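Work through the exercises below with the structure open beside the text. Each task is followed by a solution in steps.

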Amino acid sequence: MTKIIKKRFDLQITAANQTKSDSFELDKTVLSIKGMLITSDRDDLLYYRGTQKIEINKEEIFPENYESKLLMSGINVAPRSRYYDLGGIAPGNGIIKVDYKDSNSLLTGFTPYRVSFYFDCETTE
Amino acid sequence: MVREKVIVKELSINKRGLRQFFEIRLPRDCNRIIGFETSVKDFDLFNFHHHFSFDLFYFQPIYPAGELKIQSCGKSNQCFSTEVVVSDINLGFGDFSIPFFDIIHDYPWKHSQWTHTRKREEEVISVDENCPTLYGNYKDIIGEIWNGDVPYRVSIYVWYESKK
């Protein structure tokens, strides 16, 4: 029997105008990745300053300069609908690589912030 | 196996009424174009909101930043046309959480684009003409409405199906 779980991975952004890269490993029990969502403890900085490249199993899902605002959902969106539908990607080697880039914006200054990536995963028990 | 992928094209606008022509080269593994998304960056929102009055009960018109048209080199010809919007300025419509006569102070739960925005999804199209290049043009509208040069950047996202 399969289960649906949400996995969260965090990146700490401590310097302005820099790219922070990290790799996250999913559990071996993950069968497919159904969706993803990005949030932050400073949503305004994420909205105006953030772009990211995301690879799953070495396959590019979102290219460089894909804006973070396109993967954010506000409180007006029903919780079930907030995740960006990835269609059920096979995890392969289970490695998710994220290259998050913080860029200057006229609309907000910089202060260190956290970016969180949530993945909606189907797993075996 | 069919996969969905996306490529990004950025335009820089800095003059009133500027019309910019551009090309988007599609990868070789592009089987079918399935959608477009647009986004505006570095737009002076403070100036933007100054052009509109704050009224809880007045639903204001949302002026587009510009107009985007995209053409394929096949029979579809012009396959996509949209108005590129900066943001939804009516997010606070009917929001009684803000004291009516105090709109200048920064309340922690004031409606913002990053707290109340809708879920963004691509505008769906289907073009499978084996076209190596898309041709597009973007025309600035907001500069003409405000009668001045408004600098900002437009990102165009092309979603396509890749067959491997």
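Rings of Phe, Tyr and Trp (its six-membered ring) form a pair if their centres lie within 6.5 Å; planes under 30 degrees apart count as stacked, over 60 as edge-to-face and the rest as tilted. The model used here is predicted.

**Exercise 1. Aromatic pairs**

Task: Classify the ring pairs made by A:Tyr66 with A:Phe62 and B:Trp159, and state which cluster they belong to.

Solution. 

Step 1. Over all chains, the structure holds 17 aromatic pairs. In the pair of A:Phe62 and A:Tyr66, the ring centres are 4.7 Å apart and the planes meet at 40°, so this pair is tilted.

Step 2. Both partners are buried: A:Phe62 has a relative accessible area of 0%, and A:Tyr66 has a value of 0%.

Step 3. A:Tyr66 also pairs with B:Trp159, at 6.2 Å centre to centre and with 85° between the planes, which is edge-to-face. A:Tyr66 lies in strand β5 (residues 59-67) of chain A and B:Trp159 in strand β8 (residues 152-163) of chain B, so this pair joins two chains. B:Trp159 is buried, as is A:Tyr66.

Step 4. Ring pairs link A:Phe62, A:Tyr66, A:Tyr84, B:Tyr157 and B:Trp159 into a cluster.

**Exercise 2. Nonpolar cores**

Task: Find which residues of the largest nonpolar core touch the most other members, and list the contacts of A:Phe117.

Solution. 

Step 1. The largest nonpolar core has 36 residues, and A:Phe62 and A:Phe117 touch the most other members. Strand β8 (residues 113-124) of chain A gives the largest share of this core, five residues.

Step 2. Leaving out residues up to four places away in sequence, A:Phe117 touches A:Lys7, A:Arg8, A:Phe9, A:Leu11, A:Met36, A:Leu37, A:Ile38, A:Gln52, A:Ile54, A:Val98 and A:Tyr100.

Step 3. There is also a second, separate core of 30 residues; among its members are B:Cys30, B:Cys79, B:Ile142 and B:Val150.

**Exercise 3. The cavity**

Task: Describe the largest cavity by its volume, its lining and the classes of its lining residues.

Solution. 

Step 1. Searching the whole structure gives one cavity of 30 Å³ or more. The volume of the largest cavity is about 70 Å³.

Step 2. Its lining consists of B:Leu26, B:Cys30, B:Asn31, B:Arg32, B:Ile33, B:Val127, B:Asp128, B:Glu129, B:Asn130 and B:Cys131. Sorted by class, these are five nonpolar, two polar and three charged residues.

Step 3. Four of the lining residues, the largest share, come from strand β3 (residues 30-41) of chain B.

**Exercise 4. B:Ile33 and its chain**

Task: Is B:Ile33 buried or exposed, and which residues does B:Ile33 touch?

Solution. 

Step 1. B:Ile33 is part of strand β3 of chain B. With a relative accessible area of 3%, under the 20% cut-off, B:Ile33 is buried.

Step 2. Beyond four places in sequence, B:Ile33 touches B:Leu26, B:Ile125, B:Ser126, B:Val127, B:Leu134, B:Val158, B:Trp159 and B:Tyr160.

Step 3. B:Asp149 is 116 residues from B:Ile33 in sequence and 34 Å from B:Ile33 in space, C-alpha to C-alpha.

Step 4. Chain B as a whole has three helices and eight strands, in the order β-β-β-α-β-β-α-β-β-α-β along the sequence. Of its 164 residues, 48% count as buried. Among contacts in chain B with a separation of 6 or more, 82% are between residues 24 or more positions apart.

Terms used. Residues are numbered from 1 along each chain as its sequence is written. Chains are lettered from A and ligands numbered from 1 in the order in which they are written. This is a predicted model: local features need pLDDT of at least 70, side-chain atom pairs count only at pLDDT 80 or more; totals for chains, interfaces and linings use all residues. Side-chain values use heavy atoms; hydrogens and water are left out. On a 1 Å grid over the protein atoms alone, a cavity is a set of points where a 1.4 Å probe fits but cannot get out, and a pocket is an open set with protein on both sides within 12 Å along at least five of seven lines; lining residues have an atom within 4 Å of a point. Grid points are joined across faces, edges and corners, and a volume is the space filled by probe spheres set on the points. Ala, Val, Leu, Ile, Met, Phe, Trp, Tyr, Cys and Pro count as nonpolar, Asp, Glu, Lys and Arg as charged, and the others, Gly among them, as polar. A nonpolar core is a set of buried Ala, Val, Leu, Ile, Met, Phe, Trp, Tyr and Cys residues joined through side-chain atoms within 4.5 Å. Buried means under 20% relative accessible area, exposed over 50%, partly exposed in between (1.4 Å probe, protein chains only). Contact means heavy atoms within 4.5 Å.
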